[in-house]
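Hello,

Here is the structure for your files. My notes on it follow below.

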Amino acid sequence: MADPVANIERHTIAVLVDNEPGVLARVIGLFSGRGYNIESLTVAEVDRVNSLSRITVVTSGTPMIIVQIKAQLSRLVPVHKVHDLSDEGPFVEREMALIKVAGRGEARIESLRLADIFRARVVDATTESFVFEMTGASDKLNAFIALMDPLGLVEVSRTGTVAIARGPGRF
Amino acid sequence: MSAEPICGADIVIKALVDQGVDVVFGYPGGAVLPIYDSLFKQNALRHILVRQEGGAVHAAEGYARSTGKVGVVLVTSGPGATNAVTGLTDALMDSVPIVCLTGQVPTHLIGNDAFQEADTTGITRPCTKHNYLVKDVADLARIMHEAFYVARSGRPGPVVVDLPKDILFALGRYTGPETGRHKSYRPQTQADPARIDEAVALIAAAKRPLFYGGGGLINSGPEACARFTELVRLVDAPCTLTLMGLGALPASDPHFLGMVGMHGMYESNMAMHGCDLLIAVGSRFDDRVTGRLNAFSPTSKKIHIDIDPSSLNKNVRIDVPLLGDCGEVLGALLSAWRKEPRPEASPGGRSHAAGGAARNAWWRQIDAWRARDCLRYDRGRSDLIKPQYALERLYALTRERDPYITTEVGQHQMWAAQFFRFDKPYHWMTSGGLGTMGYGLPAAMGVQIAHPDALVIDVAGEASILMNIQEMSTIAQYRLPVKVFILNNQYMGMVRQWQELLHGGRYSESYTAALPDFVKLADAFGAVGRQVSRPDELDEAIREMIDTPSAFILDVAVDQTENCFPMIPSGAAHNEMLLGPEDKAESPVSEEGMVLV
Ligand SMILES: Cc1ncc(C[n+]2csc(CCOP(=O)(O)OP(=O)(O)O)c2C)c(N)n1
Ligand SMILES: [Mg+2]
């Protein structure tokens with residue numbers, strides 16, 4: 001349906017699936033096969049006993065596409081539940097990054113100072129490098145990584161977004 | 001639970017029997033030999049040996065679509081599985097319940113590029129409703145039953161079960177069908193009652209309502225089709241059907257306008273364009289139906305009944321979506337409709353009573369559209385058979401025998417849809433969503449297996465029929481009296497038609513220069529063949545075909561230049577139909593239309 005391009009919305013969707021072989025391929029294949037965007041996707045088992053995994057996917061599209069994405073996800077056989085966190089009230093969204101910065105002298109001290117301001121933790125250090133661990137909203141991670149760039153940024157590893165609804169309710 | 005452990009192959013066979021399967025279409029190979037060995041030792045299941053695995057899937061589709069049961073396929077690993085891919089995709093697009101068992105190399109060799117290894121679950125993931133790789137014989141019985149459950153529940157579709165050879169030899173315990181209810185997959189079948197009331201209110205208030213039924217009705221079953229027919233008659237509204245839905249409402253019912261869509265009837269498409277309420281039931285607003293989306297049914301509110309949540313609001317915005325099984329939802333609609341006192345429609349026919357003057361005006365408008373007689377064609381030279389004429393005669397001479405019709409893909413398919421009139425579901429089998437040339441012959445084979453005494457005709461084109469011609473050998477082996485009615489225009493007619501309309505008549509590679517002699521070909525496969533090229537011989541030839549107890553190929557030489565009309569050119573709207581050759585100059589295909597298929 002030809003919705004105007006201006007209508008693009010970003011949604012964080014949580015999907016509860018059977019933790020079985022191929023389930024992630026099914027979800028990713030659905031997005032690539034139908035031309036939907038994936039901005040970030042994370043997956044891990046969350047219920048050992050019932051063997052359920054939770055996928056958090058951040059996607060974007062017109063309202064009609066977002067509805068389609070949710071409908072397409074829910075008709076996959078191993079999918080139990082699909083929740084559009086963006087639509088269903090307040091939720092918290094977090095991401096973790098490991099950020100390696102190498103350098104000596106003033107740049108090295110500056111990176112440590114900024115890490116302190118951003119509440120990043122040092123999880124590895126040598127005389128010429130740090131690995132910072134940082135958790136927060138993706139924007140905050142982006143800002144910190146941008147600041148590290150001129151200070152000797154070597155590499156970044158990020159988890160992608162995980163999210164959960166606020167309040168006592170259950171998925 | 002059975003006491004003694006049995007081998008995986010025996011578990012497979014036992015599960016098939018317990019699922020009520022009576023026939024399997026298949027082709028053997030190394031990886032499935034244990035299953036063939038188990039088949040050899042039993043009598044409950046019949047195996048039909050096809051000549052190519054693609055034929056097996058289409059045969060199973062024909063079987064499924066003419067019975068409402070699940071079709072079953074058995075193929076070997078690697079090339080056996082990859083040959084099945086087209087059929088699986090076809091079944092996915094047309095929502096046909098299929099369980100396809102594929103052999104696989106033993107588990108310890110998976111990933112090793114072993115002989116005849118293919119990543120079958122990987123390859124078939126996007127072309128099945130669901131698939132399984134069985135890695136432990138303890139899961140085998142449950143997965144077999146679950147495969148049937150998934151294939152037939154909700155929106156039906158193909159399911160692949162990939163069976164490594166070591167699993168087929170391993171000993172395990174059998175469990176019955178009750179273990180196959182998937183732990184969480186439960187498609188919603190009943191619609192929200194509040195929405196039912198909303199829909200009834202809309203229907204009651206509509207001045208220009210139109211029913212638009214699709215293949216989902218056929219899938220939902222004869223009971224759903226009967227409820228649909230009842231509702232159409234009670235509301236006394238016109239009704240159109242999609243290519244996949246033909247037979248859901250009797251074609252002889254006066255409310256029926258004929259097929260809708262690209263080669264649908266003028267009155268159906270005009271009614272879609274002009275209605276103020278569109279009631280879609282088990283249809284999916286496919287691009288072959290809607291034409292240009294931004295001009296689709298611009299003045300209507302839309303009600304949509306479908307079992308698949310992703311079909312609702314996919315292409316077209318729906319005012320009242322009713323998620324659920326067509327039959328169930330129609331039942332709810334019928335009882336809600338009957339709660340209010342309403343003017344009675346005359347039984348079995350249009351009364352023009354409901355809704356008063358506005359409704360009468362709507363029917364008058366429809367009659368005016370009908371009067372255009374959009375299937376009219378020029379009979380042309382007296383020594384040349386027009387393809388439309390051939391189908392008119394085929395229909396006239398076979399209708400008493402309640403035939404099952406399958407088709408290949410092309411012009412002949414569209415003409416068959418236009419000129420055959422189906423009064424019942426399950427009698428029309430065609431490849432709609434995927435448009436697979438080569439579907440019709442094996443599908444006819446599957447239909448004939450399910451209905452041994454019925455008249456089964458594959459309406460074919462000379463190009464399509466060659467795509468699975470090897471199945472004539474299967475037809476010979478099982479003495480199936482399948483009839484093949486070839487509309488032979490020596491062209492890939494549908495391709496030629498598009499080249500004429502869109503590409504300046506440059507007929508690039510659409511002519512087949514070295515066609516076989518179909519009479520000799522029939523003979524070679526132990527069938528009877530006949531060629532006919534004069535209109536005055538046609539009736540007699542058709543009679544010979546239907547009276548011959550064996551398989552028969554009737555090769556009908558038809559006008560090579562004929563085009564299929566009416567036609568909504570790609571990128572055009574319903575009210576921009578071409579009714580015949582003289583129309584085409586006025587409405588050239590737009591630039592946007594050119595890129596569409
Ligand atoms: C497997 C496959 N390949 C290609 C096509 C594209 N195609 C659609 S119709 C057609 C021509 C069919 O010719 P024929 O069977 O002679 O039927 P006609 O249109 O002449 O009636 C072709 C090539 C297709 N639908 N399926
Ligand atoms: Mg042809």
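The α1(B) side of the contact includes G8(B), I11(B) and V12(B), and the α7(B) side includes V137(B), L140(B) and F148(B) (contact means heavy atoms within 4.5 Å).

This is a predicted model: local features need pLDDT of at least 70 and side-chain atom pairs pLDDT 80 or more, while totals for chains, interfaces and linings use all residues. Residues are numbered from 1 along each chain as its sequence is written, chains are lettered from A and ligands numbered from 1 in the order in which they are written, and side-chain values use heavy atoms, without hydrogens and water.

A right-handed crossing is also found where α3(B) passes α5(B). Their axes come within 7 Å and cross at roughly 25°, and the two helices are therefore roughly parallel to each other. V57(B), H58(B) and E61(B) in α3(B) meet G87(B), L88(B), D90(B) and A91(B) in α5(B).

The protein donors of the magnesium ion (ligand 2) come from E462(B), N489(B) and Y491(B), lying 2.1 to 2.5 Å from it (donors are N, O and S atoms within 2.8 Å of the metal, or 3.2 Å for Na, K and Ca). Along the chain, their spacing is E-x26-N-x1-Y. E462(B) and Y491(B) lie in two loops of chain B, so the pair ties together parts that are 29 residues apart in sequence.

Regards

Note on methods: Helix = DSSP H or I, 4+ residues; strand = E, 2+ residues; numbered from the N terminus. Axes fitted to C-alpha atoms, helices over the stretch in contact; angles between N-to-C directions. Parallel < 35°, antiparallel > 145°, perpendicular 65-115°, else oblique. Left-handed = near helix turned anticlockwise from the far one by under 90°.
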